[in-house]
Amino acid sequence: KDIKSDIKEFKVIDFILPGQLGFAILAASVFGTAFLFYNLRITLVLKRFFTTPIKKIHIILAECTARAFVQLSAAIFIILVGYYFLDFTLINGWITFINMVILCLIGLFTFMSYGFIISGIAKTEAIIPPLANIVTLPQFILAGSFFPIENLPKWLQYIAEILPLTHFNNALRAVSFEGANLWDIKYEIVILLLWGVLSYFIATKTFKWT
């Protein structure tokens, strides 16, 4: 059933689009980054960097920044298509749009860290999809991308609340429909950043030059 707002009606698209946006960003971040960075390793591109003074974390962050802006353009496209063609609610117009874009950028940086970890521990290219699915599938199912997590059994809801994609989806919906600003969703942002910091630390430990 539709949930009524004092200002606008909460439509199905208002729930679906943020969830699909989270789905797309997580999938592209993990699979795209893992395959790309693995190929850089086996083609010895990273080995050439080894002869320079550059640090592991600098390579990871540079690659992350480059890919983030490419993926961000896809996220912007999804939001605009939803708004102009599917009646998706941007409650405060362009202010809401900008907040969503910033949030997507934070999500991209966090989610791409999983791809770097996978590329570091994968011994062959064939092992990347199973590892990526281990990371992404539980989040796709449990993080509220397709249905509210309140529909899950109580014990699964506790697991869902830990997942970074849950906080990303919740933050997107709060911004797009409720008009929340970035300060209002600081808890979700902090959780995403904590996941990112932890994952990039692990990524530097699993990083291989060859």
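Guide: The following dialogue concerns a predicted model, taken from the whole chain to individual residues.

Visitor: What secondary structure does the protein chain hold, and what pattern does it follow along the sequence?

Guide: The protein chain has two strands and eight helices. Read along the sequence, the pattern is β-β-α-α-α-α-α-α-α-α.

Visitor: Why is the protein chain called as compact as a globular protein of that length?

Guide: The globule rule gives 17 Å for 210 residues, and the radius of gyration of the protein chain is 18 Å, close to that value; the chain is therefore as compact as a globular protein of that length. Along the principal axes, the C-alpha atoms fill a box of roughly 60 × 40 × 30 Å.

Visitor: What share of the residues is buried, and what share of the accessible surface belongs to carbon and sulfur atoms?

Guide: Of the 210 residues, 48% are buried. The accessible surface comes to about 10800 Å², and 71% of that surface belongs to carbon and sulfur atoms.

Visitor: How many of the contacts between residues at least 6 apart in sequence join residues at least 24 apart?

Guide: The share of those contacts that join residues at least 24 apart is 78%.

Visitor: Why is helix 4 described by a particular orientation relative to helix 7?

Guide: Two packed helices are described by the angle between their axes and the distance between the axes. Helix 4 (residues 94–121) and helix 7 (residues 164–178) pack at about 175°, with axes 10 Å apart. Angles over 145 degrees count as roughly antiparallel, so helix 4 is roughly antiparallel to helix 7. Helix 4 contributes T96, N99, M100, L103, C104, G107, F111 and Y114 to the contact, and helix 7 contributes P164, L165, F168, A171, L172, V175 and S176.

Visitor: How do the residues of that contact divide into nonpolar, polar and charged?

Guide: Eleven are nonpolar, four are polar and none is charged.

Visitor: What makes K55 buried or exposed?

Guide: Exposed means over 50% relative accessible area. The relative accessible area of K55 is 53%, so K55 is exposed. K55 is found in the loop between helix 2 (45–50) and helix 3 (56–85). Its C-alpha atom is separated by 9.5 Å from that of T204, 149 residues apart along the chain.

Visitor: What is noted about the phi of D87, and where does D87 lie?

Guide: Most residues other than glycine have a negative phi. D87 is not a glycine, yet has a positive phi of about 60°. D87 is placed in the loop between helix 3 and helix 4.

Note on methods:
Residues are numbered from 1 along each chain as its sequence is written. This is a predicted model: local features need pLDDT of at least 70, side-chain atom pairs count only at pLDDT 80 or more; totals for chains, interfaces and linings use all residues. Side-chain values use heavy atoms; hydrogens and water are left out. Axes are lines fitted to C-alpha atoms, for helices over the stretch in contact, and angles run from 0 to 180 degrees between N-to-C directions. Helices (H or I, at least four residues) and strands (E, at least two) are DSSP runs, numbered from the N terminus. Angles under 35 degrees count as roughly parallel, over 145 as roughly antiparallel, 65 to 115 as roughly perpendicular and the rest as oblique. Contact means heavy atoms within 4.5 Å. Ala, Val, Leu, Ile, Met, Phe, Trp, Tyr, Cys and Pro count as nonpolar, Asp, Glu, Lys and Arg as charged, and the others, Gly among them, as polar. The radius of gyration is taken over C-alpha atoms; the globule rule is 2.2 Å times the number of residues to the power 0.38. Buried means under 20% relative accessible area, exposed over 50%, partly exposed in between (1.4 Å probe, protein chains only). Accessible areas come from the Shrake-Rupley method with a 1.4 Å probe; for residues, only the protein chains shown count as cover.
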